[in-house]
Amino acid sequence: MAVSVILKALNEEARIGAAVESVLAALEGIGGEVIVADGGSRDRTLAIAARYPVRVVQLEPAIRPSCGIGPQLGFQYSREPFICLMDGDMLLDPDFLPEALAYLDSNPRAAGVTGHVEEMNDTSLEYIRRGRRVSPESRTGTIDRMNGGGLYRRNAVEQAGYLSDRNLHGYEEFDLGLRLRARGWSLHRLDRRFVRHFGHAINAYSLLLRRWKSGYLRGIGELLRAALGKPQWRRLIEDLPELKLWAGVYLWLIAMIVLPFALPSPAMGLALDAILTAGIVGAMSLRQRSLSLGLYAVVAWVFHAAALPLGFFQSRKAPEAWIESRIVKDLS
């Protein structure tokens, strides 16, 4: 029942040491290995990680990092029958692995099991909004994806082809869930904590701009492109509620453009645009019980909707191909 714990990291010098220590403590009595999969850190992440009895691997400089490439990088160096995936700014709950292993042992068709991700960042609007969000994938019991990571069964992942699609800048957990469920596997969330997540301690709008520049917001378009023409396409369309939201955003933006030209007076059209936008922001503010959260949510919608077509037409590489990397520190 040994576990390969993959810590994906990029410029995590402030958190990587505590993350590694939490994993090493959790592995006592279980056995396994820790792999720090680095996306090209330019700070002291590698130096700090190399102090511990872990394997450290890093992408070659020519390879651009993405959310999907980090897990697959760690997976290609892993060796144990169970794979625990988490971020370098998380702390693993000390009692999660024994309970998760027991669940997989008693449920042979379960490909993975996770718990709740406790958001510790209470300063950024993005993480406050995420902590308040009530979504199907966050419920306890059977789920369609393991957002934030969790414990996977290696043979299930191998049947699905690969752990994570290197082309995806987001939604990589949903993609894996689709591929696993298409082969008859299930995913489960225990009603207990999996990790504590600290996140980026920067302004939410700055984080949104960073995610636009890094390609993170293109994830849903890349996901649609990856599933196009494959058996999981229909299930993706049925299971991803964001698609309806983005469709609504597109209709709103089209209305904003058309109204000034469709009405007798452009000024009347612009006034209706302002009223419509204020109404949408107001409705979200009431739902979030915060004007700042409501405004941020609407701005984030526009960014995501604009990024979707960019991701869909992005070129792709074979997701199962070996990822060029170097071993910074090896235990073998």
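Please keep in mind that the model is predicted.

Let's start with the chain as a whole. It has 332 residues, and a compact globule of that length would have a radius of gyration near 20 Å; the chain has 21 Å, so the two agree. If you draw a box along the principal axes, the C-alpha atoms fill roughly 75 × 40 × 40 Å. Within that space, the chain forms 13 helices and ten strands.

Next, look at how the residues sit together. Of the 332 residues, 52% count as buried, where buried means under 20% relative accessible area. Among the contacts with a separation of 6 or more, 78% come from residues 24 or more positions apart.

As for charge, the chain carries 40 positive and 35 negative charges, and their mean positions lie 4 Å apart.

Strand β6 covers residues 110-119, and it pairs in the parallel sense with strand β9, residues 186-197, over eight bridges. To find a spot in this pairing, look for glutamate 119, whose bridge partner in β9 is histidine 197. Strand β6 also pairs with strand β8, residues 150-153, but here the sense is antiparallel and there are two bridges. Here you can pick out valine 113, whose bridge partner in β8 is leucine 151.

Terms used. Residues are numbered from 1 along each chain as its sequence is written. This is a predicted model: local features need pLDDT of at least 70, side-chain atom pairs count only at pLDDT 80 or more; totals for chains, interfaces and linings use all residues. Side-chain values use heavy atoms; hydrogens and water are left out. Helices (H or I, at least four residues) and strands (E, at least two) are DSSP runs, numbered from the N terminus. The radius of gyration is taken over C-alpha atoms; the globule rule is 2.2 Å times the number of residues to the power 0.38. Buried means under 20% relative accessible area, exposed over 50%, partly exposed in between (1.4 Å probe, protein chains only). Contact means heavy atoms within 4.5 Å. Lys and Arg count as positive and Asp and Glu as negative; His and the chain ends are not counted. The place of a charge is taken as NZ of Lys, CZ of Arg, CG of Asp or CD of Glu. Two strands pair if DSSP finds at least two bridges between them.
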